[in-house]
Amino acid sequence: MDDFIKAFEAGIDRTLLRENLRLTPQQRFDKFDAFMHGVMELKQAGERHRTQQALLASKLIVDAAVPSINQR
Amino acid sequence: MNPANFAYFIPRFTEFRIEFILIGGGASIAHGSATTTYDVDFVYSRKPENLTRLVDVFEGIEPYLRGAPKGLPFVWELRTIQSGLNFTLTTTEGDIDLLGEVAGGGNYEQLIEHCETMLLFGQAISVVTLPTLIHLKRSAGRPKDLIAVAELEVLQQERTPKP
């Protein structure tokens, strides 16, 4: 277990922790909140993009199908 | 999935005079970790009056068992809390884990000895100390906990004054 932990310790960004240690506990939560709101906005933007892509793909399929239907 | 809503739960639990301790990701953030979390983790006292308050504090926010199929006859009432111990709940205000006991830390009365008071969201609340948090995460032992331990131990080193 300790080897596992030690392996991860090497990758920890100490500058982030030092920056946090200069803040009060409340300021640390404010920073967390701001970060998580950014994450949620990105997530929602991704969902909107995927929905638009799906709609566009549906439209392309319909557009491709309509002429062939009309030709019958 | 919504971000953990500490700004709602901490003042709300304090307002209802609930005996609770902040542990988990929230405690990590309070101590200076750069981690993220999606739920609020509280260890609560099993004293009868505390259980009654725990029923009231969830009024209006639709507590339900997280991950359970919809439509189960789950009712958040005194009998529910009395017959359970650890609850992972979803609510309209976000997810919360209510723990009567925690691996490596025991119950509220045992864990309160290893807490410090911090001012968060306008409330003075009990938060597990950093060494205790490391111990709890080690005891939980899941890969994600061990990754958290790595960061918390570095945090501990950074907090220790250099000679």
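Biologist: How many helices and strands are in chain B?
Modeller: Chain B has seven helices and nine strands. Helices (H or I, at least four residues) and strands (E, at least two) are DSSP runs, numbered from the N terminus. Keep in mind that this is a predicted model: local features need pLDDT of at least 70, side-chain atom pairs count only at pLDDT 80 or more, and totals for chains, interfaces and linings use all residues. Residues are numbered from 1 along each chain as its sequence is written.

Biologist: Why call chain B as compact as a globular protein of that length?
Modeller: Its radius of gyration is 16 Å, close to the 15 Å that the globule rule gives for 163 residues, so chain B is as compact as a globular protein of that length. The radius is taken over C-alpha atoms, and the rule is 2.2 Å times the number of residues to the power 0.38.

Biologist: And how much is buried?
Modeller: 51% of the 163 residues of chain B. Buried means under 20% relative accessible area (1.4 Å probe, protein chains only).

Biologist: Switching topic. How do strand 8 and strand 9 of chain B pair?
Modeller: Antiparallel, over six bridges. Strand 8 covers residues 115–120 and strand 9 covers residues 123–128. Two strands pair if DSSP finds at least two bridges between them.

Biologist: What stands opposite B:Leu119?
Modeller: B:Ala124, in strand 9 of chain B.

Biologist: Which residue in that hairpin takes a positive phi?
Modeller: B:Phe121, near 50°. The hairpin has two residues between the strands.

How values were computed. Chains lettered and ligands numbered in written order. Heavy atoms only, no water. Buried < 20%, exposed > 50% of the residue type's maximum accessible area, 1.4 Å probe, protein only.
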